[in-house]
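Dear colleague,

Please find below the structure that I am handing over to you. A short account of the findings follows it.

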Amino acid sequence: MRHQMDPVVFRDVLGRFASGITVVAALDGAEPVGFACQSFASLSLDPPLVMLSVGKASTSWPRIERAGRFCVNILAEDQKEVCAALGARGGQKFATVPWRPSPYGTVVIDGALATVDCRLAAVHEAGDHYIVTGEVVDLAAQENGRPLLYFRSRFATGTFSD
C-alpha cells in the first residue's frame with residue numbers, strides 16, 4: 001500500500017535543507033541553453049562524477065542532453081538575478097546574463113563562484129525527474145566569495161569562516 005504524501009508538506013519539510021544554487025548550461029549550436037538547479041551534488045572521486053536532478057517537464061534539458069555536455073555554474077551570493085533569469089520558463093533566459101563559451105562547448109556564467117564542466121555520463125528516470133550524472137572534465141573556482149543559498153523557498157546567505 002502506497003502512502004499519499006501531501007505535496008505542500010513534502011516541500012515545506014524538505015525546504016528546510018539549505019542547498020546551493022547552480023545553473024546547468026550548454027551550447028545548442030551557438031545558442032546558450034540552461035536552467036537553475038538546486039539539486040546538485042558531488043558523486044564520485046574515481047572517476048570524478050557529479051549528479052543533478054532535472055524535472056521531466058524541462059524544455060531546456062532535452063537540448064542540453066543532445067549536446068552531451070554541460071557546465072554546472074555554482075552561483076555566488078550576488079547572483080540572485082541570474083538565478084531568476086535562468087529559473088524562468090521559456091523566453092530569452094540569457095538576454096541579461098553575462099556568459100562566455102567554455103573550451104568544452106558549454107556555457108560559463110560570469111561571476112560564478114565555481115564551474116564544473118562535464119560530459120554527460122548517464123540519465124536515470126526517477127519519478128517526475130531525471131537523475132543525471134556527469135563526468136567532470138574540468139573545473140575552476142574563485143578564491144573569494146560566498147554561495148547563493150536556498151532555504152525554505154527563499155534565497156539565503158551564510159557566514160563562513162576559513
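How many aromatic pairs does the count come to? The model is a predicted one, and the count comes to 2 aromatic pairs.

One of them is formed by Phe 94 and Trp 99, in an edge-to-face arrangement with 6.3 Å from centre to centre and 70° between the planes. Phe 94 has a relative accessible area of 9% and is therefore buried, since buried means under 20%. Trp 99, with a relative accessible area of 26%, is partly exposed.

The rings of Tyr 150 and Phe 155 also form a pair. Their planes stand at 75°, so this pair is edge-to-face, and their centres are 6.0 Å apart. Tyr 150 is partly exposed, at a relative accessible area of 24%. Phe 155 likewise counts as partly exposed, its relative accessibility being 35%.

I would also draw your attention to helix α3, which spans residues 80-87. Which of its residues are buried? They are Val 82, Cys 83, Ala 85 and Leu 86. These residues lie on the same side of α3, because they cover an arc of only 165° around the axis.

Yours sincerely

Terms used:
Residues numbered from 1 in each chain as written. Predicted model: local features only at pLDDT ≥ 70, side-chain atom pairs only at ≥ 80, totals over all residues. Heavy atoms only, no water. Buried < 20%, exposed > 50% of the residue type's maximum accessible area, 1.4 Å probe, protein only. Helix = DSSP H or I, 4+ residues; strand = E, 2+ residues; numbered from the N terminus. Arc of directions from axis to C-beta. Phe/Tyr/Trp six-rings, centres within 6.5 Å; stacked < 30°, edge-to-face > 60°.
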